[in-house]
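Please have the sequence and the model open while I talk.

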Protein chains: 2
Amino acid sequence: MSVSKKKRGELIVLSGPSGVGKSTVISELLSSRRDIHFSVSFTTRQPRTGEEDGVNYNFVSREEFERMIADQELLEYAEYVGNYYGTSLKVIRDKLEQGVDVLLDIEVQGAAKVQERCPEAVLIFLIPPSIEELSRRLHRRNTDAEEVIQLRLEKARQECRECVHYDYLVVNDTVMDAAQEILSILQAELCRTQNRLHLAQSIIGQD
Amino acid sequence: MSVSKKKRGELIVLSGPSGVGKSTVISELLSSRRDIHFSVSFTTRQPRTGEEDGVNYNFVSREEFERMIADQELLEYAEYVGNYYGTSLKVIRDKLEQGVDVLLDIEVQGAAKVQERCPEAVLIFLIPPSIEELSRRLHRRNTDAEEVIQLRLEKARQECRECVHYDYLVVNDTVMDAAQEILSILQAELCRTQNRLHLAQSIIGQD
């Protein structure tokens, strides 16, 4: 039996259509699990009101983003509604090796690339209770023109089709319940046999 | 995409060496999740002090047990330290079809047979914090002769080798923590994508 006492961090990928409330669920989650490192993505999109550089995203120019692509500094990147979004490879690799769990908030194309490169990553897809509720949330956010909202709703339907490639589906009906379900998923993942073989080893003894 | 609204119950298998404290953890678990049906095993062993027929086990004679084997009434059965232990097929099948989660407390041979017949079952192995602690617990129980305890400890080491075939390992350090981890595992299993595709279907719409 191959066992190791050294515990790498867990790579957690959270996706979901825009407007589903990912940021709020993530805030709730991180307030319970302060040990999780939230990976701040790089993007070329404009900051929304209240968004801070280095907190919500690392906002960079299109030129800078294209340099990062060329220099292979990104674990994954994708273009979405005309803007680039990407994840720094180095930060994540360092954290995981230190045993720190890392949370990525990325869309479905990026998640597929992460899964390809890190098959042990835990993929969670956040879905709205209904498409009507998603529409209400996008309108309530009041940041997008109606045609952008309609584009996002159609994109949401397409993205939700990709949920079959994820390990878990969490419904964001209430933020507390969604965060609680994610906490349970993370605790369950820690209990997976392959993550705990070193504990069994002490009972079995050395062969 | 093949989806179904009908939710079958979850079949949960809990194993662990004797003395690890399975019964106490199960009591704690069932007090939080009263909707779970605990499947009472059939056995030919003598009841211990405080054990009730139909509650802890269905205590039957060796002749009756062998009739049940012959009539194929058992999902699994095994012989362990000279006694038969087995699980009724019909009760479990009915409960699962009604959407009720069913918990089985069975040993490793039986669990392997359940996994063969029901690959979707969730297999959880309860391990003691150490072999020394297991020895202390077996002595404290004060129900077995020293040579039986030594037999159980050797059997425990053998059984713990089989934990690699289980989905999850839970350490019974404190009863509350072990029960909490099992609750998280069950909640996480509910969130598995294949168990929730009907929720995504309402977003995606019918194809």
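This is a predicted model: local features need pLDDT of at least 70, side-chain atom pairs count only at pLDDT 80 or more; totals for chains, interfaces and linings use all residues.

Ser41(A) sits in the loop between strand E2 (37-39) and strand E3 (42-43) of chain A. If we leave aside its neighbours within four places in sequence, Ser41(A) is in contact with Tyr57(A), Tyr85(A), Gly86(A), Thr87(A), Asp105(A) and Ile106(A). As for Leu74(A), which is 33 residues away along the chain, its C-alpha atom is separated from that of Ser41(A) by 9.9 Å.

Staying in chain A, let us turn to a helix. Which residues of helix H4 (residues 108-117) of chain A are buried? They are Val108(A), Gly110(A), Ala111(A) and Val114(A), and, seen down the axis of H4(A), the buried residues fall within an arc of 155 degrees, so they line one face of the helix. On the face turned away from that buried side, H4(A) carries the exposed residues Glu116(A) and Arg117(A). The cover over the buried residues of H4(A) includes strand E1 (11-15), strand E5 (74-80), strand E6 (83-88), strand E7 (102-105), strand E8 (122-127) and H6 of chain A.

I now move to chain B and to its strands. Here four strands form an open sheet, in the order E4-E3-E6-E5, with mixed pairing. Strand E4 (58-59) and strand E5 (74-80) of chain B stand at the edges and have a single partner strand each, so one side of each is left without a neighbour in the sheet. Within this sheet, strand E3 (residues 42-43) and strand E6 (residues 83-88) of chain B pair in the antiparallel sense over two bridges, and Thr43(B) has Tyr85(B) as its bridge partner in E6(B).

Two helices of chain B lie across strands of this sheet. Helix H2 (residues 62-70) of chain B lies across E3, E5 and E6 of chain B and runs at about 45 degrees to E6(B), while helix H4 (residues 108-117) of chain B lies across E5 and E6 of chain B and runs at about 160 degrees to E5(B).

There is one further strand pair in chain B to look at, in which strand E8 (residues 122-127) and E9(B) run parallel and are joined by four bridges; in E9(B), Val170(B) is the bridge partner of Leu126(B). From strand E9 (residues 168-171) of chain B, Tyr168(B) and Val170(B) point one way and Leu169(B) and Val171(B) the other, and all are buried.

Finally, how do the two chains meet? The contact takes 31 residues from chain A and 31 residues from chain B. On the side of chain A that touches chain B, the elements giving two or more residues are helix H6 (146-161), strand E9 (168-171), helix H7 (175-191) and helix H8 (197-204) of chain A, and the largest share, six residues, comes from H7(A). By class, that side of chain A has 19 nonpolar, six polar and six charged residues.

Chain A can be laid on chain B with an RMSD of 0.0 Å by a turn of 180 degrees and a shift of 0.0 Å along the axis, which is the relation of a two-fold axis. Of the residues of chain A, Ser184(A) comes closest to the rotation axis, with its C-alpha at 2.3 Å. Moreover, 100% of the interface residues of chain A are also interface residues in chain B, so the copies meet through the same surface.

Terms used: Residues are numbered from 1 along each chain as its sequence is written. Chains are lettered from A and ligands numbered from 1 in the order in which they are written. Two residues are in contact if their C-beta atoms, placed from the backbone, lie within 7 Å. Ala, Val, Leu, Ile, Met, Phe, Trp, Tyr, Cys and Pro count as nonpolar, Asp, Glu, Lys and Arg as charged, and the others, Gly among them, as polar. Two strands pair if DSSP finds at least two bridges between them. Axes are lines fitted to C-alpha atoms, for helices over the stretch in contact, and angles run from 0 to 180 degrees between N-to-C directions. Copies are superposed by least squares on the C-alpha atoms of residues with pLDDT of at least 70 in both. A residue is buried if 20 or more other C-beta atoms lie within 10 Å of its own, exposed if 12 or fewer, and partly exposed in between; C-beta atoms are placed from the backbone. The arc is that of the directions from the helix axis to the C-beta atoms.
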